[in-house]
Each structure stands twice: as structure tokens, then as C-alpha cells.
Amino acid sequence: MSANLIDGKRVSKRLLEKVKKTVAELSDRSGELPCIRVFRVGDDPASKVYVRRKVQTAEDCGLVSREALVPNAISEEGLLKDILLAVDDDECHGILVQLPLPERFDPAKVINSIDPTKDVDGLHVANVGALWSDQDGFLPCTPLGCVMLLRDTLGNLTGMNAVVLGRSNIVGKPMANLLLAENCTVTVAHSRTRDLPSVCRNADILIAAVGRPQFVRGDWIRPGATVIDVGINRIQAPERGEGRTRLVGDVNFDEAVAVAGAITPVPGGVGPMTIACLMANTVTAFCRIKGLEVPEGLGI
């Protein structure tokens, strides 16, 4: 048995085409374009790559993108002032702060300084509360992208057993809530779960989001299950040459692909969906701020 590969690039391309078409229509109607401002603090190499991809994707879709390069030496107070300027800027409709921040910053304080109507990453406490109380807000981009992939792969998720491996505020907890909204029976597992392999083997849908490279083994997976690997970890790859590295997920792909029914690769699975959902959220923010109807097809 060999699992079907869940192509995040294909699904994200479809969403981005919808975003691009919507942006063009909004421009024709209002003469304005949705704008996203991305704050990046310091010179973390991975953050540079992620922000560059987001900015380029925004531009490809016709959005206005503004990358705010914040000096590493800035104080928390200084960063909060810069964010407030973006909040008060009527021409800025979406704000994102690239994580992780340097250790001296309080991420929750920084994220919650964003107006929730411009929090296109869906991490503000008001948007988290909206998610858990089934009210309108912004859904976190990675969990939203995962649900889109699951719907594309499986169709109706009602009644399926879903195990979310990881309980972070960014992925694990919102992922569990979105799966509940899809009428799944949801278990949230973590490092202190007893007999973790057995819990995972009970899943029709397994979401791996623990941040540990190749942590989930093939014999943890129920034959035919759908596996969504959220992890992105860089490990040494001596087979590619001295000092070379490669990206792997939280699932041992070579083992899992022989057992699962469908699985996301790393890279090329969840990652493209996260960026596409960020673009969709930015267009949604623009429409809400301008009092326009949000077009269908930009979310779930």
C-alpha cells in the first residue's frame, strides 16, 4: 500500500486564483486594493524566508504588501507603537507579526496589540474567543488550511475520529475546534498522553503538530488513515553533502506513506495553504472594513 499524496500546492493555487480574481473585482468597484503589513523583528534566516514568500504571494495576487523590517534592538514598547500606527492606518487592512519573536518580547502582548479586525493571522484573543464561541472572526491560517485540505481529500468529515497531536495556541487548540465544527470526534493528544501510539492508531484523521522531526512512526497510524503533517523541521542531511540539510515533518514520511491512505508531504503540503489562507483572510478583512459582502470561496 502507498498513500495518496495530498497536494497542498494544487489546493492553494485554486484558493489564490480566487483571491486574485476577487482583488481585481474589488479594485474595479472601489478603486482600492487590500493591503497587508508584515512585521519582522531582527534577522532570523527562517523568518526572512517566510516573510519573503508572504510578500511575494501578496504581490502576485494584486494585494499591496508592506514589509516592516524592525531592528533587532527595538524595545517591546517601540514595536507596539509601530503596530499601533498600522492599526490606525486606514490604508492598511491586515497586520501580521512574524513569529517567533526574540525571547525578550511577550508574544501575547504583541499579538493582542493588533486590532482584531486586522488580525489576519487569527491569533488575537478576540478572534480565538470568536472561534470557540462559533462567531465571526478570523481563523488561524494553518488550521484553516488543514481543514481545506481534508475537505478536498475526504469530502464530508462528519463522524470521523480525529486525533490532534499537539496543543499549541497556534495550531493544536484551534485545529481541534475546527474539527469539532466539522462534526468529527476529536482527541487532543500531547507529550503526556498515556500510550500515545495507541491513541494515534485510533484516528481516521491524524494531525501531527508537535514540532519534533519524524516523531510519528508508521506503526502509530491506522491503515488507510489520512495524515496531515504540520511540522517543518530542518535536519542534517549528510547524504547531500557536508553541512547540507533537508526539511522533514513531524511524521516519519517513509514509514507513514506505506500505511496511510493519504498524507501531506513536507514541504509542499500544509505550508502553501498557510500562505494562501493569509491572503484570503486579508481580502476578507478589507471587505469587512469597507462594509462589503465577503465573496464565497475565501474560507470554510
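Tutor: With the labels. Helices are DSSP runs of H or I with at least four residues, strands are runs of E with at least two, and both are numbered from the N terminus. Keep in mind that this is a predicted model.

Student: Is Gln214 buried, exposed or partly exposed, and why?

Tutor: Gln214 has a relative accessible area of 29%, so it counts as partly exposed. Buried would need under 20%, and exposed over 50%.

Student: Now helices. At what angle do α1 and α10 cross?

Tutor: Roughly 20 degrees, and their axes come within 9 Å. Helix α1 covers residues 8–30 and helix α10 covers residues 270–289.

Student: What does that angle make them?

Tutor: Angles under 35 degrees count as roughly parallel, and α1 and α10 are therefore roughly parallel to each other. Their crossing is left-handed.

Student: Which residues make that contact?

Tutor: On the α1 side they include Val11, Ser12, Leu15 and Val19, and on the α10 side they include Pro272, Met273, Ala276 and Val283. By class, the contact of α1 with α10 has 15 nonpolar, 4 polar and 1 charged residues.

Student: Take Ser12, then. Buried or exposed?

Tutor: Ser12 has 5% relative accessibility and so counts as buried. Leaving out residues up to four places away in sequence, Ser12 touches Pro272, Met273 and Ala276.

Student: What about α6, how does it cross α1?

Tutor: Helix α6 (residues 141–154) and α1 cross at roughly 105 degrees, with axes that come within 11 Å. That makes α1 roughly perpendicular to α6.

Student: Who meets whom there?

Tutor: From α1, Gly8, Arg10, Val11, Arg14 and Leu15 meet Met148, Leu149 and Asp152 of α6. The residues of this contact of α1 with α6 divide into 4 nonpolar, 1 polar and 3 charged.

Student: And how do α6 and α10 pack?

Tutor: At an angle of about 110 degrees, with the axes of α6 and α10 8 Å apart. That makes α6 roughly perpendicular to α10. The crossing of α6 and α10 is right-handed.

Student: How many charged residues are in the contact of α6 with α10?

Tutor: The contact of α6 with α10 has no charged residues, along with 9 nonpolar and 4 polar ones.

Student: How many residues of α6 are buried?

Tutor: 10 of the 14 residues in α6 are buried, so the helix is mostly covered by the under 20% rule. Among them are Cys141, Thr142, Pro143 and Leu150. The cover on the buried residues of α6 includes α1, α7, β7, β8 and α10.

Student: What comes just after α6?

Tutor: Gly155, which takes a positive phi of about 80 degrees.

Student: Changing topic. Which peptide bond next to Pro100 is cis?

Tutor: The bond joining Leu99 and Pro100, with omega about 0 degrees. Pro100 is in the loop between β4 and α4. The peptide bond from Val266 to Pro267 is cis as well, with omega near 0 degrees. Pro267 is placed in the loop between β11 and α10.

Student: Last one: what is the phi of Asp195?

Tutor: Near 50 degrees, a positive value in a residue other than glycine. You will find Asp195 in the loop between β6 and α8.

How values were computed
Residues are numbered from 1 along each chain as its sequence is written. This is a predicted model: local features need pLDDT of at least 70, side-chain atom pairs count only at pLDDT 80 or more; totals for chains, interfaces and linings use all residues. Side-chain values use heavy atoms; hydrogens and water are left out. Axes are lines fitted to C-alpha atoms, for helices over the stretch in contact, and angles run from 0 to 180 degrees between N-to-C directions. Angles under 35 degrees count as roughly parallel, over 145 as roughly antiparallel, 65 to 115 as roughly perpendicular and the rest as oblique. A crossing is left-handed if the near helix is turned anticlockwise from the far one by less than a right angle, and right-handed if clockwise. Contact means heavy atoms within 4.5 Å. Ala, Val, Leu, Ile, Met, Phe, Trp, Tyr, Cys and Pro count as nonpolar, Asp, Glu, Lys and Arg as charged, and the others, Gly among them, as polar. Buried means under 20% relative accessible area, exposed over 50%, partly exposed in between (1.4 Å probe, protein chains only).
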